Amino acid sequence: MKAVFESELLGMELVKRGKVRDVYQTEDRDKLLIVACDRLSAFDVVMPTPVPGKGIILTQMSNFWFEKTRGIISNHIIQEDLSSLRGDDLDHNLKGRAVIVRKSEPVQIEAIVRGYISGSGWNEYKRTGSVCGISMPLGLKESEKLAEPIFTPSTKAPAGQHDENIPFDDACQIVGENMAKRVRDISLELYSFAADYAFGRGIIIADTKFEFGISDGELILIDEAFTPDSSRFWPVNEYQAGGPQRSFDKQYVRDYLESMGWNKKPPAPELPPDVIDNTIEKYKEALSRIID
Ligand SMILES: Nc1ncnc2c1ncn2[C@@H]1O[C@H](COP(=O)(O)OP(=O)(O)O)[C@@H](O)[C@H]1O
Ligand SMILES: [Mg+2]
């Protein structure tokens, strides 16, 4: 498959190239066209090497979860199948990776839910015994399941900077207390629903990140949902607390980057073909376990 590192939609106004998605303004001012490209970011830096087909897998997964969680919260999807939209004009490379969405005003926090302690949550716990100001029981092991999933918001850092975990009170300062509570409650509900579903299919969703937006006064789920980019997926049958887990997500790439001693500052090194191949396999495996 040919990789799409960056999309070019002639005649359309590019609003933003995110780390993974290209966002275009449609003629209809209250809609956006979002293209999930094959870029992969690790440690908030975009790798120079694309992962061919990754954007299609992310789009399929997000669309699946957006549909499944409609009963919990509305989402931004208006149209998934764009084949009719631009006719021959629609670059066939964009097939399966472009969606038309409701344009929203993004809520200015990242909504993270953790059911297990890992990643930045684990690092914070080792240092302070708490995660985002929530004090945790003593003696937790790395990757251990938490008694209850916790809501651990972070800032939305500008491009090139890292999001920072913040206490719930800080989230209230940023978006207002009512909004912070709504986002928290919905996030926890979404996580529990999807974590149960995925567990039945052999995947632990250890943690996940959502973005919310306001559109026509309504709070909606935007961006992506329960993809290996936004979540840690672990195979149930290999799970064992007490260390890092083999995962379906880009942890594979992170491990490679750690092992080769990259300082996590741009530019990132090229990824070797076997790391790319293994990464695609992980994304495919995650998709096939969750869907069908
Ligand atoms: N429905 C929407 N309305 C407005 N903005 C959106 C919507 N869905 C996604 N976005 C924004 O589009 C961008 C998607 O690009 P992405 O590569 O995911 O960005 P990031 O580098 O922030 O992860 C993000 O800035 C996200 O907040
Ligand atoms: Mg994003």
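Phe226 sits in the loop between strand S15 (218-222) and strand S16 (231-235); helices (H or I, at least four residues) and strands (E, at least two) are DSSP runs, numbered from the N terminus. Phe226 has a positive phi of about 45° although it is not a glycine. This residue is buried, with 29 other C-beta atoms within 10 Å; buried means 20 or more such atoms, exposed 12 or fewer, and partly exposed in between, with C-beta atoms placed from the backbone.

A word on the model: it is predicted, so to speak of local features takes pLDDT of at least 70, side-chain atom pairs count only at pLDDT 80 or more, and totals for chains, interfaces and linings use all residues. Residues are numbered from 1 along each chain as its sequence is written, while chains are lettered from A and ligands numbered from 1 in the order in which they are written.

**Other backbone points**
- Most residues other than glycine have a negative phi, and most peptide bonds are trans.
- You will find Phe43 in the loop between strand S4 (41-42) and strand S5 (45-46), and Phe43 is partly exposed, with 16 other C-beta atoms within 10 Å.
- Pro266 and Pro267 are joined by a cis peptide bond, with omega about 0°.
- Pro267 belongs to the loop between helix H5 (251-259) and helix H6 (273-290).

**The chain as a whole**
- The secondary structure comes to 6 helices and 16 strands.
- With 292 residues, a compact globule would have a radius of gyration near 19 Å, and the chain agrees at 19 Å; the radius is taken over C-alpha atoms, and the globule rule is 2.2 Å times the number of residues to the power 0.38.
- Along the principal axes, the C-alpha atoms fill a box of roughly 60 × 45 × 40 Å.
- Of the 292 residues, 39% count as buried.

**Two domains**
- The domain assignment gives domain 1 (13-104) and domain 2 (106-261), with bounds that come from an automatic or database assignment.
- Their C-alpha centres lie 22 Å apart.
- Contact (C-beta atoms, placed from the backbone, within 7 Å) links 18 residues of domain 1 with 23 residues of domain 2.
- Helix H1 (residues 54-68) provides the largest share of the side of domain 1 that touches domain 2, with 5 residues.

**Nonpolar cores**
- The largest nonpolar core has 58 residues, and those with the most contacts inside it are Ile34, Val35, Ala194, Ile203, Ile205, Phe212 and Leu221; such a core is a set of buried Ala, Val, Leu, Ile, Met, Phe, Trp, Tyr and Cys residues joined through C-beta atoms within 7 Å.
- Helix H4 (residues 177-199) gives the most to this core, with 7 residues.
- Domain 1 and domain 2 both give residues to this core, so it lies between them.
- Apart from it lies another core, of 11 residues, among them Ala42, Val253, Leu257 and Leu271.

**Around ligand 1**
- Ligand 1 is surrounded by 18 residues, the closest being Gly18, Lys19, Val20, Arg21 and His76; a residue is near the ligand if its C-beta atom, placed from the backbone, lies within 6 Å of it.
- Strand S2 (21-25), strand S3 (31-36), strand S7 (98-102) and strand S14 (203-215) each supply at least two residues of this shell.
- Both domain 1 and domain 2 give residues to the shell, so it lies between them.

Terms used. Contact = placed C-beta atoms within 7 Å.
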